[in-house]
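This report describes selected features of one protein model. The sequence and structure are shown first, followed by the description.

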Amino acid sequence: MSIRDIFETLDYGPAPESDDVAQAWLERHGRRFGHFIGGRFTKPNSSTFATHHPGDGSELAQVSQGDKRDVSKAVKAAREALPAWQALGPHGRARYLYALARHVQKHARLLAVLESLDNGKPIRETRDIDVPLVARHFYHHAGWAQLLPDEFPGYEAVGVCGQIIPWNFPLLMLSWKVAPALAAGNTVVLKPAEFTPLTALAFAELAVEVGLPDGVLNIVTGDGATGAALVDHEDVDKIAFTGSTQTGRAIIEASKTNFKRISLELGGKSPTFIFADADLKKAVPAAVMGIFFNAGQVCAAGSRLFVAEEVADQVLEGIAGMAKMLRVGHTLDPETIIGPLVSEQQLDRVTGYIESGRQEGATVLVGGGRKEGPGWFVEPTVLVDTEASMKVRREEIFGPVLCAHRFTDADDADRLARMGNETEFGLAASIWTRDISMAHKLARRLKAPHPHRSPSFQDLAPGPVRP
């Protein structure tokens, strides 16, 4: 079932081309936000930081920089709310999750536009993919909550969960973390990414509207120091983190002394293999959107392409042609496929990697630079003639940059697997071949435990969003 199939029954209206609804929401708050602790917003801290619109670099709001005291207040509120939240039982908690799902649908336009402004992703993604999926996750876990007594007798909640989410799918990552935790009877202290805190704060308002008990969900905004304070807090029972491998290692080290439970989803440098017998009409578009969806800011993005010599020219020509078709533009333009990167820092990182590839001998087939004009845009880029020793092949770029390499008949499953496993990352992989035996041999050898399906080119192609 495609993404369109999932959501075609949900009517969110035409893709909004105006940011009026989000700007009005920001103005209502005076463009200054405190933390959400114990069921209410705190007064904004004296120490704040700006969150920007990646499309033009303009400031959207000032957000409080959380410190250890803020984290402690949030953890205390979550701990105090825990007994009553657990006492509600699965069916009682499910009612709140259902209400949150309905309110996400009710306020879908605000959430979609706000996400596009704060993150930079195209409105067609936030409106037709992210926000509907957020509602779907809360509906899903509300259902699971009601099954807990029958399916998992004697289960126990973990307690207070500290959750740290990244900036590439801000609201969707919130739902992945918050919905299952609340369903199982835990309370939450969430730290959104410093680049994209606004939809988390908007979601907190929805929690107030549905009457979620005070302290069950707390949101503390800030940077890495805020996250570290949450990780180090002795009264947090579990840390759930999605983000960089470097930060994940730091969390593991911290857990050695405080013995928290942890769950981590970290970086990736995922390989895509296209064999000579593959159905190129499907493989090429999948490879394109596997790396260029969300401007390449996806942990499981297919950022390394290994293609059989017999079809390499055809495949690379097809990918380059499609890359040129992808409209890079304003986040609220319904025809935009690729928006800006999330920050100027990320822009510098990605363009630095492209330049590094050039210096180490890679050839730019298409793209290769920053899009002219305001905002933090990078052209969809394909690098060919890449080697395993190059930084662009070894390290996670987290941008719209594909590194291609040709293989021959002499490269058997073992050799191809060594290519696929040449980096420290092992998150996802994609294999395109009609040879089922080869597919299974290679799949067993790849260090890629995370099944993943990126939206296809057809899902997000120019033209009407729905069929």
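The second largest cavity has a volume of about 80 Å³. Its lining comprises 13 residues, among which A301, S303, E396, I397 and F398 lie closest to the centre. A cavity here is a set of points on a 1 Å grid over the protein atoms alone where a 1.4 Å probe fits but cannot get out, and lining residues have an atom within 4 Å of a point. Three cavities of 30 Å³ or more are counted, each volume being the space filled by probe spheres set on the points.

The model is predicted: local features need pLDDT of at least 70 and side-chain atom pairs pLDDT 80 or more, while totals for chains, interfaces and linings use all residues. Residues are numbered from 1 along each chain, and side-chain values use heavy atoms, without hydrogens and water.

Helices α2 (residues 20–28) and α8 (residues 198–209), DSSP runs of H or I with at least four residues, pack at about 75° with axes 12 Å apart. That makes α2 roughly perpendicular to α8 (65 to 115 degrees). In this contact (heavy atoms within 4.5 Å), W25, L26 and R28 of α2 meet L198, L201, A202 and E205 of α8.

The residue classes are as follows.

| Site | Nonpolar | Polar | Charged |
|---|---|---|---|
| Lining of the second largest cavity | seven residues | four residues | two residues |

Ala, Val, Leu, Ile, Met, Phe, Trp, Tyr, Cys and Pro count as nonpolar, Asp, Glu, Lys and Arg as charged, and the others as polar.

The side chains of E205 and R28 also form a salt bridge (3.4 Å, N to O), linking parts of the chain 177 residues apart. The structure holds 21 salt bridges, each a side-chain nitrogen of Lys or Arg within 4 Å of a carboxyl oxygen of Asp or Glu.

Terms used. Axes fitted to C-alpha atoms, helices over the stretch in contact; angles between N-to-C directions. Helix = DSSP H or I, 4+ residues; strand = E, 2+ residues; numbered from the N terminus. Parallel < 35°, antiparallel > 145°, perpendicular 65-115°, else oblique. 1 Å grid on protein atoms, 1.4 Å probe; cavity = no way out; pocket = protein on both sides within 12 Å on 5 of 7 lines; lining within 4 Å.
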